[in-house]
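Here is a short briefing to read alongside the sequence and the 3D view. Take a look at the metal sites and the sheet as you go.

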Amino acid sequence: LSAQQPPSFAGATLALLTRHQKLPLVASALAPLGFNLQLTEAFDTDQLGTFSGEIARTQTPLQAALHKAKLAAELTGARYGLGSEGSFGGGPLPGLLNWDQELLVWFDTQTGQQVVAEASGAVSIRAQPFTTLASLHDILTQAPSGQAWMLQLDTTAKQPMYKGLQSQADIEAALTGSGWQSGQSVTLLPDLRAMHCPERQQYIRQAAMQLAAQLQQRCPACGAADFSVKSQQRGLPCASCLTATTAVLWRVQRCDCCGHQLNLRTEQLADPACCPQCNP
Ligand SMILES: [Zn+2]
Ligand SMILES: [Zn+2]
C-alpha cells in the first residue's frame, strides 16, 4: 500500500457538456469539493439522441452519459469530465407510474476512472390529448410549474410540431398558427429537455449530491475517489438456527483503482422471519 496523497480536486476543472442548462443543477453539490466547473456547448448532445424522437438513441443511458463526460473533457482540455443522461420508463410499476432515472458519470482522463451516480423517482408529467382550450387549461393548472410543452397535432406524425412552449399563451399561439380549431384533438406532450422539466431538475440535483458523496469517499489504501458500496452479499445467519438467510450479510465497499475492498457488516443475525428453515 502506498502512502500516496489523495488527489485534491481544489482548482481542478470539471467540464460539463450541455446545451440544456444543467450546470446550475450540479454546481451547488460539486463546487464545494473544489472543482472549477466549466460549461461547454461545443457539441450538440442532441446528436446522440433526443427525447422527442428526431434522433434515435443508440447508446444505453450509461454509455451516453460516459460518452458525454469524455467529450466534455476532450473539448475543453479539462482533466475531469461530467456527463448527464436522463431516461424515462422503467421504475417499479412500468406503464402505471411514469419514472425518470438520471445518471451522472464523472470521468478522470488521467486515470480512466469512472464514477457513476444515479437518482430516480416518479414524475407526474405525461402526454395528454385535449380538444378545447378549457381542457388545455385544466391540464396546465395540474402540471408542475415551469414545465414546458410540445404539441402533436397529427397523431400519425412521427414528431411533435412545436417544442419548448412555456405558457398557455405560447401553446395557443402555436395552435392558431397551425390552423387548429376547437374540437379537434391535439396531444400535449411534456418537453423533457432538462431546462424545461422541473421534475428532472430535481433528480439531476439529487444525482449530483450522490456523486459528491461518492467522490468524497476516499479509498483507505490508495486515496482514489469513490470508495463506495459497489455490491452486497446475502446470507446473514438466522438468529434462531444460524442457517444462511436472504438478508444482507455484507455490503462491499470497493476501490475501482486499486481493488482494495472492505466488507461492512451492520447486523450480526437475521430475523427468523426471513429464514428458509424457520419460516419456509
Ligand atoms: Zn484504492
Ligand atoms: Zn432459522
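At 37% relative accessibility, Cys278 counts as partly exposed, because the class runs between buried (under 20% relative accessible area) and exposed (over 50%), with a 1.4 Å probe and protein chains only. This is a predicted model, in which local features need pLDDT of at least 70, side-chain atom pairs count only at pLDDT 80 or more, and totals for chains, interfaces and linings use all residues. Residues are numbered from 1 along each chain as its sequence is written, chains are lettered from A and ligands numbered from 1 in the order in which they are written, and side-chain values use heavy atoms, with hydrogens and water left out.

- Cys238 sits in the loop between β10 (229-234) and β11 (248-254) and Cys278 in the segment after β12 (261-264), so the pair ties together parts 40 residues apart in sequence; helices (H or I, at least four residues) and strands (E, at least two) are DSSP runs, numbered from the N terminus.
- Cys238 counts as buried, at 0% relative accessibility.

**Zinc ion (ligand 1)**

- The zinc ion (ligand 1) is coordinated by the SG atoms of Cys219, Cys222, Cys255 and Cys258, at 2.3 to 2.4 Å.
- Angles of 105 to 114 degrees between the 4 donor atoms make the arrangement around the zinc ion (ligand 1) tetrahedral.
- For four tetrahedral donors, the ideal angle at a metal is 109.5 degrees.
- The donor residues of the zinc ion (ligand 1) have the spacing C-x2-C-x32-C-x2-C in sequence.
- Cys219, in the loop between α5 (198-216) and β10, and Cys255, in the loop between β11 and β12, link parts of the chain 36 residues apart.
- Cys219 and Cys255 are both buried.

**The open sheet**

- Five strands form an open sheet in the order β2-β1-β3-β4-β5, with mixed pairing; two strands pair if DSSP finds at least two bridges between them.
- β2 (36-40) and β5 (114-122) are the edge strands, each pairing on one side only.
- β1 (residues 13-17) and β3 (residues 80-88) pair in the parallel sense over 3 bridges, and Leu16 has Leu82 as its bridge partner in β3.

Technical notes. Donors = N, O, S within 2.8 Å, 3.2 Å for Na, K, Ca; no water. Tetrahedral: all angles 85-135°; square planar, octahedral: opposite > 155°, others 65-115°.
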